[in-house]
Amino acid sequence: MNTVHELIDEIDHGSMPDAERRKVLLAATGVLGGVGLLAAAYPFIASLEPSARELAQGGPVLSDISTLAVGELRTVAWRGKPVWLMRRSDEMVHALQQPNPALADPLSKRSEQPASCVNATRSERPELLVAVGICTHLGCSPVLHLDDGALNAELHAPGGFLCPCHGSRFDLAGRVVKNVPAPTNLEIPDYRFTTASTVQIG
């Protein structure tokens, strides 16, 4: 088999038949064209990669909720924040859907959440809470209380969240009660279901 140098020499000196010379030149042109195309396409492909800012903020996080039990609160890390996943019972969902005069912003008008979560349960699916577990007062982390009689009476529900630092209280949709230090409801991050049992946060 001829080496590249031998092929070039044959083309230069005209000792190669025209048909074969044409094939070699076409093949060489194809290779050079392919390399040029890759070189031209690289900047466009690279632009599809996440930016340095996006990488610093952290990408999406996937969480399997197939084993999440009713009443269980699971925490995952996203962008340096604790994000809660909680499966609510039918009783919890029903309580959240009832009017409650104790809530400061029951319709979440002053709160941060996706448009699809502006509802009584502040969620895509009523049974699943996805919320950033950081109090909107000074950044403490509220604690889930399911058997606190006083909290349950205030929220008219079987459970809620109590911030141990300054006493802010939230229902099981992350809505804050009146007259506490926290000014707004808990943040609901952008999220979506990639499968029936997998949540993508971010």
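Buried means under 20% relative accessible area, exposed over 50%, and partly exposed in between. The model is predicted. At 17% relative accessibility, Cys-140 therefore counts as buried.

**Cysteines**

The whole structure holds one disulfide. Cys-140 and Cys-165 form this bond, with their sulfur atoms 2.4 Å apart. The torsion about the S-S bond is about -115 degrees, so the disulfide is left-handed. The bond links distant parts of the chain, 25 residues apart. Cys-140 lies in the loop between strand S4 (128-132) and strand S5 (143-145). Cys-165 lies in the loop between S6 and strand S7 (169-170). Its relative accessible area is 40%, so Cys-165 is partly exposed.

Cys-163 is in no disulfide. The nearest cysteine sulfur belongs to Cys-135, 4.0 Å away. A disulfide needs sulfur atoms within 2.5 Å.

**Aromatic pairs**

There are two aromatic pairs in the structure. Trp-84 and Phe-161 are stacked, 4.4 Å centre to centre, with 15 degrees between the planes. This pair also joins distant parts of the chain: Trp-84 is in strand S3 (residues 81-87) and Phe-161 in strand S6 (residues 160-162), 77 residues apart.

Tyr-191 and Phe-193 have ring centres 6.1 Å apart and planes at 75 degrees, so this pair is edge-to-face. Phe-193 has a further contact: the charged end of Arg-125 sits over its ring, 3.6 Å from the centre.

**Buried residues**

| Residue | Relative accessible area |
|---|---|
| Trp-84 | 3% |
| Phe-161 | 0% |
| Tyr-191 | 8% |
| Cys-117 | 0% |
| Cys-163 | 2% |

Methods: Residues are numbered from 1 along each chain as its sequence is written. This is a predicted model: local features need pLDDT of at least 70, side-chain atom pairs count only at pLDDT 80 or more; totals for chains, interfaces and linings use all residues. Side-chain values use heavy atoms; hydrogens and water are left out. Rings of Phe, Tyr and Trp (its six-membered ring) pair if their centres lie within 6.5 Å; planes under 30 degrees apart count as stacked, over 60 as edge-to-face and the rest as tilted. Helices (H or I, at least four residues) and strands (E, at least two) are DSSP runs, numbered from the N terminus. Buried means under 20% relative accessible area, exposed over 50%, partly exposed in between (1.4 Å probe, protein chains only). A charge sits over a ring if NZ of Lys or CZ of Arg is within 6 Å of the ring centre and within 35 degrees of the ring normal.
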